[in-house]
Amino acid sequence: MKKILVVGGNGQLGNCIRKIAPDFELDYEFIFTDSQTLDITNEDQINTVFTENKPDYCINASAYTAVDLAETEKEKAFAVNAEGVASLAQACKDAKTVFIHVSTDYVFDGETNLSYSEDDFTSPIGVYGESKLKGEELALEINPKTIILRTSWLYSEFNKNFVKTMLTLFSQKDELGIVADQFGQPTNANDLAEAIMDIIEAKEKKYGVFHFSNYPETTWFEFAEKIAEFSKSSVKLNPLTTEQYPTPAKRPKRSTMSLDKIEEVYKIEPKYWENSLEECVTILTQ
């Protein structure tokens, strides 16, 4: 039986993998770690976990994701998103483990009207994106058996995310302003978990960078409108410009990613974001 090590098992994606793990228990043994049992900035802990478990696959679902805070905590962001990823990649290489690492659309600057392909020029505009890009580069450099999955606007019924924040605010406020000039692809983390398992189950592995998200593109405002619709909220939503809602970190204005490569190589068909969102809101509002 093959072993799958899930680093960051208590995070949003980790919980989604945990949810579907029983469907695969005949073929795989899952080992879930959290920041206490495996801190990826601690090489000794990494080595201990790999020596004890000898995983066939390692899914890195852990990350420093505080986009705004990263601007003042650069060292911490790079320690987790770059150096920690490099340590995991090295442990995977030494153990002949396939490394599946989750990255972000924030590696792009968003100054385009086209969808980004995996080969397009990366140019992050904030510390978070810089640290994630460095992690990608180090992982691919260290371990040839690395699969990078760039995703975007991740949400689920677990942990803290935009959907859950909106539902809370809808219950507290009559009116909200939402940014309407930033474009991206909301992604249900449950769909990402399923895509990762599809990759693991694939007979032939292709390594390198892949994009995965739901589709098509939308704005934060339209995303919030659909959350309101599906939760039957009567909240009034007002569109804002990026300038009207300043944040410590800049966001890409349009970080839409092409999904052609993962569909072609791994036969993974992306799901329509509204359908995946409705499933999540239904779970959260039952």
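Trp153 comes out as buried in this predicted model, since its relative accessibility is 9%, under the 20% cut-off. With a relative accessible area of 34%, Asn159 counts as partly exposed. For context, most residues other than glycine have a negative phi, and most peptide bonds are trans. The peptide bond between Tyr215 and Pro216 is cis, with omega at about -5 degrees. Pro216 is part of the loop between E10 and strand E11 (218-219).

Now to the sheet. Six strands make up an open sheet with parallel pairing, in the order E2-E1-E3-E4-E5-E10. Strand E2 (28-33) and strand E10 (208-211) take the edges; each has a single partner strand, so one side of each has no neighbour in the sheet. On average, neighbouring strands here are turned by 20 degrees against each other, direction ignored. Within the sheet, strand E4 (residues 98-104) and strand E5 (residues 146-151) run parallel and are joined by six bridges. Thr104 stands opposite Thr151 in E5.

Helix H1 (residues 12-20) packs on it and touches strand E1 (2-7), E2, strand E3 (57-60) and E4. The direction of H1 makes about 150 degrees with that of E2. Helix H2 (residues 43-53) also packs on the sheet, where it touches E1, E2 and E3, and its direction makes about 160 degrees with that of E1.

The buried set consists of Gln12, Leu13, Gly14, Asn15, Cys16, Ile17 and Ile20. These residues pack against E1, E2, E3 and E4, and also against strand E6 (154-155) and helix H6 (189-201).

What about empty space? Rolling a probe the size of a water molecule over the atoms shows where it is left. The count comes to one cavity of 30 Å³ or more, and the largest cavity holds about 50 Å³ of space. Its lining is formed by Val67, Tyr106, Ile125, Gly126, Tyr128, Gly129, Ala249, Lys250 and Pro252. By class, that lining splits into six nonpolar residues, two polar and one charged.

The second largest pocket has about 150 Å³ of space. Lys2, Tyr28, Asp56, Tyr57, Lys96, Val98, Lys145, Ile200, Glu201, Ala202, Lys203 and Lys205 line this pocket.

Finally, Ser115 lies in the loop between E4 and helix H4 (127-142). At 37% relative accessibility, Ser115 counts as partly exposed. Leaving out residues up to four places away in sequence, Ser115 touches Asp120, Arg254, Thr256, Met257 and Ser258. Tyr128, one of the residues lining the largest cavity, is 13 residues from Ser115 along the chain, and their C-alpha atoms are separated by 21 Å.

How values were computed: Residues are numbered from 1 along each chain as its sequence is written. This is a predicted model: local features need pLDDT of at least 70, side-chain atom pairs count only at pLDDT 80 or more; totals for chains, interfaces and linings use all residues. Side-chain values use heavy atoms; hydrogens and water are left out. Two strands pair if DSSP finds at least two bridges between them. Helices (H or I, at least four residues) and strands (E, at least two) are DSSP runs, numbered from the N terminus. Axes are lines fitted to C-alpha atoms, for helices over the stretch in contact, and angles run from 0 to 180 degrees between N-to-C directions. Contact means heavy atoms within 4.5 Å. On a 1 Å grid over the protein atoms alone, a cavity is a set of points where a 1.4 Å probe fits but cannot get out, and a pocket is an open set with protein on both sides within 12 Å along at least five of seven lines; lining residues have an atom within 4 Å of a point. Grid points are joined across faces, edges and corners, and a volume is the space filled by probe spheres set on the points. Ala, Val, Leu, Ile, Met, Phe, Trp, Tyr, Cys and Pro count as nonpolar, Asp, Glu, Lys and Arg as charged, and the others, Gly among them, as polar. Buried means under 20% relative accessible area, exposed over 50%, partly exposed in between (1.4 Å probe, protein chains only).
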